[in-house]
Amino acid sequence: MRLFVGISLPADIRLSLATLCSGLAGARWVTPENMHMTLRFIGDADGGMAEDLDAELSGIQVPEFDIKLTGIGSFSKRSRLRAVWAGVETNAALIHLQRKIEQAAVRAGFPPEGRKFTPHITLARFKTQQIDLGDYLEANGAFSSAPFPLEAVTLFESHLGHGGSHYVALNDYPLRGI
Ligand code: 2AM
């Protein structure tokens, strides 16, 4: 199974993100029910490793905190646009939580993540030619959400299909104080 650890977003936040999902030629927009934030992509795991990961994630003790979405960013590869996303306001608690999840994944036997954590919520993916984001950023770059509480992280299974991916929540890990 293909796994990742992430955050489910409240319905009102997903609806406000949906207002950003138009106006870019060649975009494959993420549907509101699929919007999420990845904290740690795990990739393929067998049942035993998934159980170990579940046990490690259950042991994480981090208090609940608020996050706020802000701004629009993009990822490119070899100067080709790959994804447009909504960003997250700088948040030390989120970085701390992500580190705890990274440690849990490594303790469960997964190789360390080499890439820097860039918290984001993907809005659109692209396979096509060069795309000019200028007008889109002018219209949407000032996006920000209301702050909302991050109450749990979720272990998701990702199913890749012809009509796009869909994600199944396998378990939630509520945040809590020590
Ligand atoms: P993305 O939103 O930036 O595409 C499920 O596929 C989630 O895992 C998505 O949020 C995706 O991030 C992330 N993901 C998929 N493949 C990944 C990879 N190789 N490394 C890091 N994250 C990945």
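A polar contact is a pair of N or O atoms within 3.5 Å; within protein, one must be able to donate a hydrogen and the other to accept it, and residues adjacent in sequence count only if both atoms are side-chain atoms. The structure is a predicted model, in which local features need pLDDT of at least 70 and side-chain atom pairs count only at pLDDT 80 or more, while totals for chains, interfaces and linings use all residues. Residues are numbered from 1 along each chain as its sequence is written, and side-chain values use heavy atoms, with hydrogens and water left out.

An N or O atom in the side chain of Thr122 is 2.6 Å from an oxygen atom of the ligand. The protein covers 72% of the 480 Å² of accessible area (Shrake-Rupley method, 1.4 Å probe) that the ligand has on its own. Thr38 also places a side-chain N or O atom 2.5 Å from a ligand oxygen atom, and a polar side-chain atom of Arg115 lies 2.5 Å from a ligand nitrogen atom.

Thr122 belongs to strand E7, residues 120-126 (strands are DSSP runs of E, at least two residues, numbered from the N terminus). Thr122 is buried, with a relative accessible area of 12%, because buried means under 20% (1.4 Å probe, protein chains only). Leaving out residues up to four places away in sequence, Thr122 touches Val30, His36, Ala83, Val84 and Trp85, where contact means heavy atoms within 4.5 Å.

With the neighbours within four places in sequence set aside, Leu97 is in contact with Leu39, Ile60, Val62, Phe65, Leu150, Val153 and Leu175.

Terms used. Helices (H or I, at least four residues) and strands (E, at least two) are DSSP runs, numbered from the N terminus. Buried means under 20% relative accessible area, exposed over 50%, partly exposed in between (1.4 Å probe, protein chains only).
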